[in-house]
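Trainee: I would like to go through this structure with you before I set up any calculations. Could we take it topic by topic?

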Amino acid sequence: MEHLESDWRRLDRRMLLIHPFREVGTFLPALLGAAFAGRNFAGGLHQVLWPVAVLVFVIAVAVFKWFTTTYRFTSQQVQLRTGLLQRNTFVASTDKVRTVDVTASLLHRLLGLAAVEIGTGAGDKPVHLDGLPQREADVLRAELLQRKATQASAAVDEAGSASEHQRADAVDGEEPAVSDWVAQTEPDEVLYRLQPKWLLYAPLGITGFASASVIFGFSFQLMDQFGVFDADTKVPGAFSWLQDAGIVAIILIIATGMFVTVCVLAILGSAVSNFGFSLSRDHHGRTLHLSRGLLTTRSTSLEIRRLRGVEVRRPIPLRWFGGARLVAVMTGLARHDSEPGIASLLAPASPASVIRELGDEIVGNPALHQPLDSHGRAATRRRYVRAVGPGVVLGAGAVVGGVVANRTILGVVVAALLVVAGALLGRSRAHHLGHALTDTDLVTQSGSLALSTVVLERDATVAVSVRRSFFQRRAGLATVEVATAAGRQGYRVFDIPETQAFELAGDLLPR
C-alpha cells in the first residue's frame with residue numbers, strides 16, 4: 001500500500017482460516033442439533049453425514065463472507081462493503097477520524113493479521129476492517145492520523161510559511177506516501193508503562209472484583225453440576241473436621257477462601273487484559289497511543305486536539321490503598337463500544353502519585369496538584385446531613401424492628417452503627433469537596449465512595465447552568481453544571497456558595 005488511494009479489494013486470504021472458527025461458534029447450536037439428530041433418528045453413515053453437512057455449510061458461509069467483503073481507500077474516505085443480498089456500505093471520512101483501534105486476537109497474531117476499527121464520531125458507526133496484515137494495519141493507522149497534519153501543512157504552504165519543496169508538493173496536489181510517513185516517524189515518548197506489581201490493585205476495583213466474583217460463581221455452579229460436592233466424593237469429607245469448630249469458624253474459613261480466590265482471579269484477569277499496558281505520545285504532540293493485552297492485543301490512537309481534560313477516579317477501596325485510575329475527557333469517543341470506558345482509559349489502577357503526575361503531563365500543567373478551594377461551612381453541614389439522614393431513618397427502623405422481635409439491644413447496636421457510618425461518610429464527602437479555577441482549566445472534586453477529580457479545559461465549555469434546590473437556597477448554596485461535548489457531557493461543582501456560583505459561571509462562559 002504505497003498510497004492511501006486504492007481500488008476495491010478483499011481482505012487478506014488468511015482470514016479464510018479465521019472465519020470458519022467464528023462461524024462454528026455462531027452455528028454451534030445447529031451443529032449440536034445435527035449431531036443429536038444423526039445419533040437418534042438416523043443410523044449408519046447418516047449418523048456422520050448430518051453434522052458433516054452442517055459443518056460444510058458453516059465453512060461455505062465463512063468463505064462466502066470473505067468473498068462478499070471488499071474495501072478501498074480514496075483521498076477522502078475509507079469505504080467498506082459487505083453482504084450480497086443486502087449490500088451494506090460503511091464509510092469513514094479521513095478528515096473526521098477521531099480514533100483508530102488496532103486489535104489482534106491470538107489467532108490473528110499467529111497468522112500475522114490485525115483488525116482496524118476507524119471511528120469518526122460518537123453517533124457514527126465505525127468502519128471495521130478485520131483482516132489486514134499487521135504491517136499494513138500499523139501503516140494505515142499512521143497515515144490516517146497524520147493526514148490532517150498533511151492538510152494543515154498544505155494550508156501553511158499556501159500562506160507562504162512552508163519550504164519551497166513543500167510548496168511544490170502542495171501545488172502539484174501530491175500526497176505523501178504511507179511509506180514516507182513511516183520513514184519520518186520517530187520513536188514515541190513513553191508517558192506511562194504498567195508495572196507488574198501494580199496488578200495487585202486489580203481486586204480493589206469494583207469492576208475487576210465483580211468480574212472475578214462472576215467467574216467464581218460460575219465455577220462453583222459448574223463443580224456442583226458435576227457432583228464435586230456430593231456425599232460420595234472426597235470434598236465434603238475434607239471439611240468434616242470443621243464440624244466441631246462451630247458455624248462461625250466455618251463461615252470465616254469459607255469466606256476467606258472465596259475472597260482469596262476472587263482476588264487471584266481479578267489479578268489474573270487484569271494481567272490478561274492489561275499486559276504490557278503503555279501510553280505514549282508522538283514526537284509531534286498530536287496523538288496519544290495506547291497498547292495493551294496478552295492474548296488479544298489492542299492498540300488505540302487518540303487525537304490530542306480532541307482531549308478536553310482528564311479525570312482521576314479513586315473509588316473505595318482502591319483509595320484506601322493509595323491507588324487511582326486515569327480517564328480521558330475527550331470528544332468523539334464512540335458510545336457503541338462493546339467495552340464501555342475502554343477507549344477512554346489512559347491508565348489502569350496504579351499508585352495515585354503516578355496517576356497525578358501522568359495527568360499533569362497530559363494536560364500540560366500541574367492542575368492535579370492545584371490546591372482546591374473549600375466550599376465553606378454550609379456545604380460541609382449539607383454533606384453531613386445528606387449522609388447521616390438516611391442512617392438515622394434506617395437506624396430508627398432497626399430499633400423498632402428490634403423491639404418488635406424482642407431484640408432491642410441488637411436493634412440499638414445496628415442503629416448506632418448506621419449513624420456512625422453515615423457520619424464518617426459525611427466527613428469524607430466534606431473533606432474531598434472542592435474546586436479550583438486556573439487560567440486554562442477548571443478542577444472539580446466530589447464524592448467519597450466513588451471519589452472523582454476532573455480537570456476540564458475552560459475553552460471546552462459549551463454552556464453553564466446554576467441549579468438551586470429548595471434546601472440549597474435555604475443554605476445559600478448552588479450547584480454549577482458545566483456542559484461540554486466531551487466525556488460525560490456535563491460536570492458539576494457541588495454546593496458552592498451562591499455568590500461564588502454566579503461568578504464561577506461567568507468566568508467559565510466562552511471568552
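Predicted model: local features only at pLDDT ≥ 70, side-chain atom pairs only at ≥ 80, totals over all residues.

Trainee: Salt bridges to begin with. How many are there in the whole structure?

Mentor: A search of the whole structure gives 14 salt bridges.

Trainee: Which residue does Arg 281 meet in a salt bridge?

Mentor: The side chain of Arg 281 pairs with that of Glu 361, with an N to O distance of 2.7 Å. Arg 281 belongs to strand β9 (residues 278–281) and Glu 361 to helix α11 (residues 352–363), so this pair ties together parts that are 80 residues apart in sequence.

Trainee: Are those two side chains buried or exposed?

Mentor: Arg 281 is buried, at 14% relative accessible area. Glu 361 is partly exposed, at 38%.

Trainee: Which residues are linked with Arg 281 in a network?

Mentor: Glu 189 and Glu 361 are linked with Arg 281 in a network of salt bridges.

Trainee: And what does Glu 311 pair with?

Mentor: Glu 311 forms a salt bridge with Arg 488, at 2.8 Å from N to O. Because Glu 311 lies in strand β12 (residues 307–315) and Arg 488 in the loop between β19 (477–484) and β20 (490–497), the pair ties together parts that are 177 residues apart in sequence. Glu 311 is buried, with a relative accessibility of 4%, while Arg 488 is partly exposed at 46%.

Trainee: What about Arg 383 and its salt bridge?

Mentor: The side chain of Arg 383 meets that of Asp 495, and the N to O distance is 2.4 Å. Here a residue of helix α12 is joined to one of strand β20, so the pair ties together parts that are 112 residues apart in sequence.

Trainee: Why do Arg 383 and Asp 495 count as buried?

Mentor: The cut-off is a relative accessible area under 20%. Arg 383 counts as buried because its value is 12%, and Asp 495 because its value is 1%.

Trainee: Where is Asn 406, and what is its phi?

Mentor: Asn 406 sits in the loop between α12 and α13 (408–432). Its phi is near 60°, again a positive value in a residue other than glycine. Asn 406 is exposed, with a relative accessible area of 61%, whereas Asp 495 is buried.

Trainee: Staying with the backbone, which residues does a cis peptide bond join?

Mentor: A cis peptide bond joins Ile 316 and Pro 317, with omega at about 10°. Pro 317 is in the loop between β12 and β13 (323–330).

Trainee: Now, Gly 401. How far is its C-alpha atom from that of Val 412?

Mentor: The two C-alpha atoms are separated by 9.9 Å, and the residues are 11 apart along the chain. Gly 401 lies in helix α12 and is partly exposed, at 37% relative accessibility.

Trainee: Changing topic: how many cavities of 30 Å³ or more are there?

Mentor: The count comes to 2 cavities of 30 Å³ or more.

Trainee: Last topic, the surface. Which residues form a nonpolar patch?

Mentor: Leu 106, Leu 110, Val 272, Phe 275, Leu 294 and Leu 295 form a nonpolar patch, and together they have about 570 Å² of accessible area. Val 272, one of these residues, is located in helix α10 (residues 247–274) and is partly exposed, with a relative accessible area of 36%.

Methods:
Residues numbered from 1 in each chain as written. Heavy atoms only, no water. 1 Å grid on protein atoms, 1.4 Å probe; cavity = no way out; pocket = protein on both sides within 12 Å on 5 of 7 lines; lining within 4 Å. Points joined across faces, edges and corners; volume = space filled by probe spheres on them. Patch = residues over 30% accessible without salt bridge, like charges linked within 9 Å, V, L, I, M, F, W, Y side chains within 5 Å. Areas by Shrake-Rupley, 256 points an atom, 1.4 Å probe, with all protein chains shown as cover. Salt bridge = Lys/Arg side-chain N within 4 Å of Asp/Glu carboxyl O. Helix = DSSP H or I, 4+ residues; strand = E, 2+ residues; numbered from the N terminus. Buried < 20%, exposed > 50% of the residue type's maximum accessible area, 1.4 Å probe, protein only.
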